Amino acid sequence: MADLWQVTLVSPPYQSWTYERPSFFPELKPGQRVIIPFGKSHRMGVVTGRAEQVPEGVEIKSLIWPLEVEPLLNADFIEMADSLAARQMTSVGRILEAILPRGLRTAAVTFRIDKHVARQKLPGSIRPSKLTKCSPDELTELMELWLAGRMRVRINAQREAEERFVSLVSDPPWAVRPNAKRQIRILEYLLDNGPQSLYSLRHVLGDWAPDTAAKMEGRDLVTVGELTADALDEVDGTAACGETEPLQYELTEEQQNAMDDMRASLAKGGGAHLVHGVTGSGKTVLYLEMARYCLEQGRSVILLAPEVALACKLYRNVKEHFSNLKPVLYHGYQSPKKREAIFTDLVRNAEPRLVVGTRSALFLPVHDLGMVVMDEEHDESFKQEERLAYQAKEVGWYRVERTGGLLVLGSATPDIKTFHAAQNGAIPVSTLKKRVGKSVLPEVELVDIADLSNSKQVFSPTTIDALKETVKEGRQAIVMLNRRGYAPLMYCLDCSETVRCPECEVGMTYHKGRERVVCHYCGLSYSYPLLCSKCGGGNFIPMGEGTERLEEHLEEILPEGTNVLRLDRDATRRQERMEEILGAFSRGEAQVLVGTQMISKGHHFPKVTLVVVADGDLGLNLPDYRSSERTFQLLVQVAGRAGRGDMPGKVLIQTRNPQHPLWNEVLNSDYEAFFQREIGRRKMFGYPPFSKLALVRISYPADFKQGGAAISLFAKTLKQYSQPLGVSVLGPAPAPLSMLRGRLRFNCLFKGADWKNLRMLFGHMAQANPDPSKVRISLDLDPLTTL
DNA sequence: AGCGGTAATGCC
DNA sequence: GCATTACCGCTT
């Protein structure tokens, strides 16, 4: 009887297939990666178990070769992937593809045979395709070598070379001929999407891309190599991420109490724990001391920050705090090679480890996970929305639940759902009310700008005075405006049209520095100046404000010699720019820093005494149930940037609506008042945490004629199944951004008592899809925005 | 019937 | 994801 196994493909079409273990092959264990024949070529797959029933009418092929002697993925890891697949209603293969480092899911490998055994007529290296042609005797001989560790896996050189990253050398304009179309495409693509691997350039732009990129490297337009973050990581342990805040190691009474509570939770078998502490209250020290405790107990720890720069900063804190420990840094901007090495190292070395990283670090195979810490747990970056949608909090919860570990959620402004659970007693909570050391919470003031709305002024006289004074006294100020670019609308003076994106039908933002108008949704851009598509005229005026225009404006109103820096996604496109800007500002080379919400996150500038929120109303009135939560969190967070040193800080929030109840709560940094008001509103309208929400996104190409019929079919299906499942449905209705990248979009909001029924209803919809190749539907559980 | 292009299908 | 095959409109 043949020995049959199920192998799951970690690349399309992702399903599980049956293969035979040939006689020369060693025993298999689930979780083992193997090379399998698939169609005309070969692929990498993961053994998921024995084949229970034999497929009929197909000739079963044999496995080609194992990729490791001991399985890389243990049963827990496979179980985690299974559980994620069930939650997201997709296949395990897709999940594995999303959570494994790239090097560990490629089949483009060569087996190298040790030199001193190669003399016996064996080649020095052998490819999988060659292995399928070997005789049984040769295979048996090779397998002996493999099991003795004398035959090793090597990722193919070309494949590995394509893992290198391409980054821009300078900002536009570039020294390139206007008819060098391919070069311009690469430059534009890098500008819009940040550094990319040669591999992804080839996939997105075409097979010519790696060659063209190599030529461009010769002309100093781009650099091709390891990411700088990687290089810096080797040298001094961390990329330069601005100044690290000096930590006060002596625990305050509040911190000590929190520590005792968490230890007690851990002793009782773990669970979630909320640390609600104002900005600057010393949450980091608390995490580090808890980490020390866990490691002493022989258990591993994962510390997560919402973004790379903050993870690097935390990593540096860890290195300073622990002298005799080798922590691991893991995030999406490290090279695939590095990430792969970390993954295998964690599998092979079972000792307790401390991992610092961003959300993807949650999937690392650390042994005996004692604690997961999520700093700034309310941050939206903890939810991944593109490709595979997952909420890191849920994954973290899943992981600690299995190991009896602790999930520590820390924030000054917790997620409403988290705090609600704490209020109900479902999650224990430790509160830190005082800032550590001398610094005190800043004073917050409202500035009414209602009478400014028709003039060209952005800042009220009060704001301008405060800025001038801060600069005069040699201190620093931060100005936040949550909108990048120069002006969000370009208005044609001749025919009163605005410049719109033909693919998305939204206004295109003018970027003065790039000399382009850009669609902020799909990235399409045109060079500017341009002619009006309606009347052919060229007289546009910019309407509204973006960070770029604010920067220009500030340079005009502030005294001669004042330096203004800007920090937003545009300014930080080039790899090192973010660190350069943060570094320059913390060294005092500029007095004012203008930026988007990027500047609100975790940075420590002791000389900043003034924070200005240019438009506090932005984002407050969006038709989204979380908009006030988001605004409150952002404002408290950015206010926390002021007065972190010895000098007291001041925050000015400009608003056209000073009566809004939110302001009082922000002024007093009164999270609980905000929470009480918000939870009342949520209860009244039945929003989370009083219900579960799911957003179903439907889209099809704008020229697909049967699209309308598909939508009515979905509507009919929903009508039929929603009531029996107890799910209330809004839509399908055209999405607020009704067209994106040439696809018409529809949204459908599900509200119900539990996730199971929301999933089932989605399942019915997916089944009713008349043309899955044209009509795409996807499920987003607990969406960040319902827009 | 013969051609070139594209959509649909199978892959164990 | 990729190769093979089925299908379509159109020429000869």
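How many bridges join strand 3 (residues 33-38) and strand 4, and in which sense do they pair? Strand 3 and strand 4 pair in the antiparallel sense, over six bridges. Strands here are DSSP runs of type E with at least two residues, numbered from the N terminus, and two strands pair if DSSP finds at least two bridges between them.

This is a predicted model, in which local features need pLDDT of at least 70 and side-chain atom pairs count only at pLDDT 80 or more, while totals for chains, interfaces and linings use all residues. Residues are numbered from 1 along each chain as its sequence is written, chains are lettered from A and ligands numbered from 1 in the order in which they are written, and side-chain values use heavy atoms, with hydrogens and water left out.

**Domains**

Chain A is divided into domain 1 (4-155), domain 2 (161-225), domain 3 (233-432), domain 4 (443-484 + 545-681), domain 5 (488-543) and domain 6 (692-781). These bounds come from an automatic or database domain assignment. Taken over C-alpha atoms, the centres of domain 1 and domain 2 are 34 Å apart.

Five strands form an open sheet in the order 2-1-4-3-5, with antiparallel pairing. Strand 2 and strand 5 (65-66) are the edge strands, and each pairs on one side only.

| Strand pair | Sense | Bridges | A bridge in the pair |
|---|---|---|---|
| Strand 1 (residues 4-9) and strand 2 | antiparallel | five | Thr8 with Ser16 |
| Strand 1 and strand 4 (residues 41-50) | antiparallel | five | Thr8 with Val46 |
| Strand 3 and strand 4 | antiparallel | six | Ile36 with Arg43 |

A residue counts as near a strand if one of its heavy atoms lies within 4 Å of it. Around DNA strand B are Pro13, Trp17, Thr18, Tyr19, Phe38, Gly39, Pro55, Glu59, Ile60 and Lys61. Of the atoms of DNA strand B that come within 4 Å of the protein, 43% belong to sugar and phosphate. Strand 2 (residues 16-20) gives the most to this surface, with three residues. By class, the surface has six nonpolar, two polar and two charged residues; Ala, Val, Leu, Ile, Met, Phe, Trp, Tyr, Cys and Pro count as nonpolar, Asp, Glu, Lys and Arg as charged, and the others, Gly among them, as polar. A backbone N or O atom of Thr18 lies 2.9 Å from a base oxygen of DNA strand B.

**The surface near DNA strand C**

DNA strand C is surrounded by Pro12, Pro13, Phe38, Lys40 and Arg43. The classes are three nonpolar, no polar and two charged residues. A polar side-chain atom of Arg43 lies 3.0 Å from a base nitrogen of DNA strand C, and Arg43 is also the bridge partner of Ile36 in strand 4.

**Ser600**

Ser600 is found in the loop between strand 29 (592-595) and strand 30 (608-613). Its relative accessible area is 2%, so Ser600 is buried (under 20%; exposed is over 50%, partly exposed in between; 1.4 Å probe, protein chains only). The side chain of Ser600 reaches the backbone oxygen of Gln597 at 2.6 Å. Apart from neighbours within four places in sequence, Ser600 is in contact (heavy atoms within 4.5 Å) with Leu634, Gln637, Val638 and Arg641.

Key:
A polar contact is a pair of N or O atoms within 3.5 Å; within protein, one must be able to donate a hydrogen and the other to accept it, and residues adjacent in sequence count only if both atoms are side-chain atoms. Helices (H or I, at least four residues) and strands (E, at least two) are DSSP runs, numbered from the N terminus.
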